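Here are my notes on the model you sent over. Have it open while you read.

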Amino acid sequence: MQWILRFFVVHRSLTSLFVASLLCVLMLSSPPARQQWISRALTMSVFYPFQFYFSQTERIKNIYAENRRLKEQVAFLSVKVAQLTENVRENERLTDLLGISSRFSFTLAPARVVARDPSYLSRSAIIDVGKNEGVAAYMPVITSRGVAGKIVQAMGRMSLVQLLVDPANRTGVMIGRSRETGILETVNGSDFSIMFRAHADVEVGDTIVTSGLGGIYPKGLLAGTVTKLEEGRDPIFKKAFVKLEVNLDRLEEVFVIKQPSQWAAFRDELDSLEAAP
Amino acid sequence: MTSLILKWLAAFAAALVLQTSFVPVISIARVGPDLPLVVLFFFCIRHGMTLGICVGFFLGLGLDLYSPSLLGQNALAATMAGAFAGFFNERTMRTDPLVKSALLLVVFIVHDSIFLAVQSLKLDGPVSAVFGGLLFHCLPRALYSIAVAGLWYARDFLPKRLAKR
């Protein structure tokens with residue numbers, strides 16, 4: 001017995017190689033059912049800590065995969081939410097526009113702004129309705145909040161809108177409360193003002209509506225609010241500064257009031273006057 | 001002693017984790033390094049044949065349990081590889097990286113020869129499959145593993161060279 005033990009100790013490398021190889025051969029030669037039993041026994045006993053460790057790493061791997069999948073899903077849903085939010089806003093705007101359409105007795109042509117004047121001060125915009133939809137020059141363009149501008153050129157499927165911010169644009173307006181009339185104009189495209197006679201009944205906060213006297217805009221369309229009054233050096237006039245009701249920088253959906261210019265009846269006479277030397 | 005055991009346990013664990021997670025990423029044409037075998041090789045040449053056989057056996061057995069191979073197939077291959085690498089341990093040979101690389105290649109060949117031979121015997125496959133496997137699977141895998149193991153040598157090797165310059 002001692003001899004055997006000494007042999008094992010002296011030749012421990014060979015012994016361990018022999019034992020390990022023998023165990024391997026036994027495992028390999030055992031029937032599948034026995035192999036399964038050995039696997040299960042080893043997994044549940046000797047290799048349990050390793051199995052636990054590997055199950056944890058596998059779990060971490062799965063967590064990474066799930067995290068990646070969830071990130072993709074979040075990105076997708078964020079885009080979806082943004083689209084839906086945009087749809088909700090568009091819906092609100094269109095609902096407002098429909099509200100306007102029911103309030104006014106004019107025929108309205110809904111339109112979308114498809115292009116803007118690229119300059120810093122957007123004086124004009126192009127909308128996607130034109131002569132094909134019955135739009136013609138000098139027709140007013142409004143939004144759900146009020147006046148935006150007028151058509152200056154109508155083409156087949158699009159029209160050019162001159163916005164209120166264009167210094168060349170002058171709009172006949174009046175004070176909603178006192179019915180004092182004036183002309184809404186701007187010099188720089190951002191400050192709007194109306195010159196009134198010095199004794200005119202105008203107060204800060206008064207609502208400005210179109211007067212209908214310009215021949216283009218129908219009477220009563222909301223244009224803005226008086227924000228400041230300035231008594232100038234000129235004792236005859238005073239200046240009322242106006243904040244426009246429509247944010248012309250964020251114009252997206254508009255309506256064209258399909259009302260021919262009031263000058264249309266005199267068009268021939270006007271043309272003959274222009275043609276006269 | 002305890003720290004040594006923990007160090008090697010951590011090395012084997014890291015190798016196994018990387019083998020299942022990182023190696024598939026760096027595989028080229030489905031050929032990747034065998035990190036557990038590389039760590040086993042380093043263990044064996046450091047600690048000798050007896051420990052190499054024991055660790056190789058249990059490492060192979062563990063791989064058998066977690067891979068769809070025959071029970072004992074990996075154990076036998078890793079035992080033999082451990083015995084072979086342990087025979088050429090650092091106490092009896094010079095520790096030149098080039099020699100180690102050559103030895104690692106032979107260890108891979110020993111390991112894969114036994115693995116493929118057992119597979120061929122058990123599944124009644126043709127003997128030519130063993131040579132085919134050695135040539136087209138074992139050799140690229142061994143070379144890739146040697147390249148990866150080279151990174152380990154580089155840690156000690158490169159600074160010295162740079163310092164000489």
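1. Let's start with F8(A): this residue sits in helix α1 of chain A, residues 2–10 (helices are DSSP runs of H or I with at least four residues, strands are runs of E with at least two, both numbered from the N terminus). F8(A) counts as partly exposed because its relative accessibility is 41% (buried is under 20% relative accessible area, exposed over 50%, partly exposed in between, with a 1.4 Å probe and protein chains only).

2. Before going on, the ground rules: this is a predicted model, where local features need pLDDT of at least 70, side-chain atom pairs count only at pLDDT 80 or more, and totals for chains, interfaces and linings use all residues. Residues are numbered from 1 along each chain as written, chains are lettered from A and ligands numbered from 1 in the order written, and side-chain values use heavy atoms, leaving out hydrogens and water.

3. Chain A has five helices and 12 strands. Of its 277 residues, 35% are buried.

4. On contacts (heavy atoms within 4.5 Å): among those in chain A between residues at least 6 apart in sequence, 55% join residues at least 24 apart.

5. Now for confidence, as pLDDT (the predictor's confidence in each residue, from 0 to 100). Chain B averages 82, with 90% of its residues at 70 or more.

6. For the overall scores, the model gets ipTM 0.80 and pTM 0.48.
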